[in-house]
Amino acid sequence: VQLQASGGGLVQAGESLRLSCAASGSILRFKDMGWYRQAPGKQRELVATLTSGGRISYADSVKGRFTIARGNAKDLVSLQMNSLKPEDTAVYYCNRVPPRGAYWGQGTQVTVSS
């Protein structure tokens, strides 16, 4: 299964972006899914989780600004990012929680300028 994150871009601080995650197989729709990010020189971190039962959790750094949701027929999961900050700059990925190595895609770059 290939996971493809999209929707990134270059924005100014305070603006919003919506990321989408598409997969070649629909079986992941009912699994625990998450959004991860990796900033230059830093470890990849989990920023948002949506379980198959609908439970949602966020990293403290994005709580109140990011919203994860189950997607429609095309998207497995989305991430609405509001009030973006320069420290949100990273490559964003979607994957299962816990992640599966084979599912890592190329990610989508989010760059927030101050």
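Which residue has its charged end over the ring of Y93, and how many Å from the centre does it sit?

A: It is R44: its charged end lies over the Y93 ring, 4.1 Å from the ring centre. The test requires NZ of Lys or CZ of Arg within 6 Å of the centre and within 35 degrees of the ring normal. This is a predicted model, in which local features need pLDDT of at least 70 and side-chain atom pairs need 80 or more, while totals for chains, interfaces and linings use all residues. Residues are numbered from 1 along each chain as its sequence is written, and side-chain values use heavy atoms, leaving out hydrogens and water.

R44 also covers the face of W104, 3.9 Å from that ring centre. Y93 and W104 in turn pair with one another. Their centres are 5.6 Å apart and their planes stand at 85°, so the pair is edge-to-face. The rule for a pair is ring centres of Phe, Tyr or Trp (its six-membered ring) within 6.5 Å; planes under 30 degrees apart are stacked, over 60 edge-to-face, the rest tilted. Y93 belongs to strand β9, W104 to the loop between β9 and β10, and 11 residues separate them. Strands here are DSSP runs of E, at least two residues long, numbered from the N terminus.

W104 has another partner. With Y36 it makes an edge-to-face pair, 5.0 Å centre to centre and 75° between the planes. Y36 sits in strand β4 and W104 in the β9-β10 loop, so this pair ties together parts 68 residues apart in sequence. By this rule the model has two aromatic pairs. Y36, Y93 and W104 make up one aromatic cluster.

Now the exposure of these rings. Y36 is buried at 6% relative accessible area. Y93 is buried too, at 11%. W104 is partly exposed, at 25%. The cut-offs are under 20% for buried and over 50% for exposed, with partly exposed in between (1.4 Å probe, protein chains only).

Strand β4 also brings in charge. Its R37 is buried, at 5% relative accessible area. R37 forms a salt bridge with E45, the closest N and O atoms being 2.7 Å apart. A salt bridge means a side-chain nitrogen of Lys or Arg within 4 Å of a carboxyl oxygen of Asp or Glu. E45 is partly exposed, at 31%. R37 forms a salt bridge with D88 as well, at 2.9 Å between the closest N and O atoms. D88 lies in the loop between β8 and β9, so the D88-R37 pair ties together parts 51 residues apart in sequence. D88 is buried, at 0%. R65 joins R37, E45 and D88 in a network of salt bridges.

The count for the model is four salt bridges. Among them is K63 with D60, whose closest N and O atoms are 3.0 Å apart. D60 is exposed, at 66%.

Last, strand β8. It belongs to an open, antiparallel sheet of four strands, in the order β1-β3-β8-β7. Pairing requires at least two DSSP bridges between two strands. Six bridges join β3 (residues 17-23) to β8 (residues 75-81).
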